[in-house]
Amino acid sequence: MSTAAATVRPREVLADLLPASRVRDAALVLGGAALTGLAAQIAVPVPGSPVPVTGQTFAALLVGTALGASRGLAALAVYALAGLAGVPWFAHGTSGVSVSFGYILGMLLASTVVGALARRGADRSVPRMAGTMLLGEAIIYAIGVPYLAYAADLSASQAVAAGLTPFLIGDALKAALAMGLLPAAWKLAGKR
């Protein structure tokens, strides 16, 4: 085994470009939770669906990618727990458990997965970022849609029609935005 192989470190995520400290990590986690809560207020009702289009999923995936798996998970956990405790920062200024809470649970897992992929360099190029965002969205739906079916007493096809299909175009636009945003941030930072 060569010495070079033994000293290989995992790649940085954007948050690692800031000087390391516990204060930095706490501020990033709280900032990620706040960003997600703020983005959730961008909510547009979807006719025939109890789930609105929000900026929340984009923020959750961006937080996970920029902060990495552990800080991304922590930020989304703070967001979810604060919302459950009564902070009105879920979509439309709500809090507590609703039929769309499964999407928030999905965001916890998705932010962790995209953060782990970012640590492997998935946020450095447009094609890899596209795949990362699409995987993150798929994870959110894989948890959110079945939860919606259960919580709203919908059939699987009704849940897909109300909780997935109306959001695909918007999610493609969010993924396209992320595809340009994160690789550009790395270029500005002078690292690839």
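Helix H5 gives the largest share of the lining of the largest pocket, four residues. The structure is a predicted model, in which local features need pLDDT of at least 70 and side-chain atom pairs count only at pLDDT 80 or more, while totals for chains, interfaces and linings use all residues. Residues are numbered from 1 along each chain as its sequence is written, and side-chain values use heavy atoms, with hydrogens and water left out.

The largest pocket has a volume of about 320 Å³. A pocket here is an open set of points on a 1 Å grid over the protein atoms alone, where a 1.4 Å probe fits, with protein on both sides within 12 Å along at least five of seven lines, and lining residues have an atom within 4 Å of a point. Of the 25 lining residues, Val51, Pro52, Gln56, Ala91 and Ser100 are the closest to the centre of the pocket. Two or more residues each come from strand E2 (53-54), helix H3 (56-67), H5, helix H6 (126-151) and helix H8 (168-189); helices (at least four residues) and strands (at least two) are DSSP runs, numbered from the N terminus. By class, the lining divides into 13 nonpolar, nine polar and three charged residues.

| Helix pair | Angle between axes | Distance between axes |
|---|---|---|
| H4 and H5 | about 165° | 7 Å |
| H3 and H6 | about 125° | 11 Å |
| H2 and H3 | roughly 160° | within 7 Å |

The angles run from 0 to 180 degrees between N-to-C directions of lines fitted to C-alpha atoms, for helices over the stretch in contact.

Helix H4 (residues 69-84) packs against H5 (residues 101-119) at about 165°, which makes H4 roughly antiparallel to H5 (over 145 degrees). The crossing of H4 and H5 is right-handed, and their contact (heavy atoms within 4.5 Å) includes Leu73, Leu76 and Ala80 of H4 and Ile104, Leu108 and Ala116 of H5. The residues of this contact comprise 12 nonpolar, four polar and two charged.

Thr57, Leu61 and Thr65 of H3 meet Met129, Met133, Gly136, Glu137 and Ile140 of H6, a contact with four nonpolar, three polar and one charged residues.

Helix H2 (residues 22-40) crosses H3 at roughly 160°, which makes H2 roughly antiparallel to H3. H2 passes H3 in a right-handed crossing. On the H2 side, the contact is made by Leu28, Gly32, Leu35, Thr36, Ala39 and Ala40, which meet Gln56, Ala59, Ala60, Val63 and Leu67 in H3. These residues divide into eight nonpolar, three polar and no charged.

Definitions and conventions: Angles under 35 degrees count as roughly parallel, over 145 as roughly antiparallel, 65 to 115 as roughly perpendicular and the rest as oblique. A crossing is left-handed if the near helix is turned anticlockwise from the far one by less than a right angle, and right-handed if clockwise. Ala, Val, Leu, Ile, Met, Phe, Trp, Tyr, Cys and Pro count as nonpolar, Asp, Glu, Lys and Arg as charged, and the others, Gly among them, as polar. Grid points are joined across faces, edges and corners, and a volume is the space filled by probe spheres set on the points.
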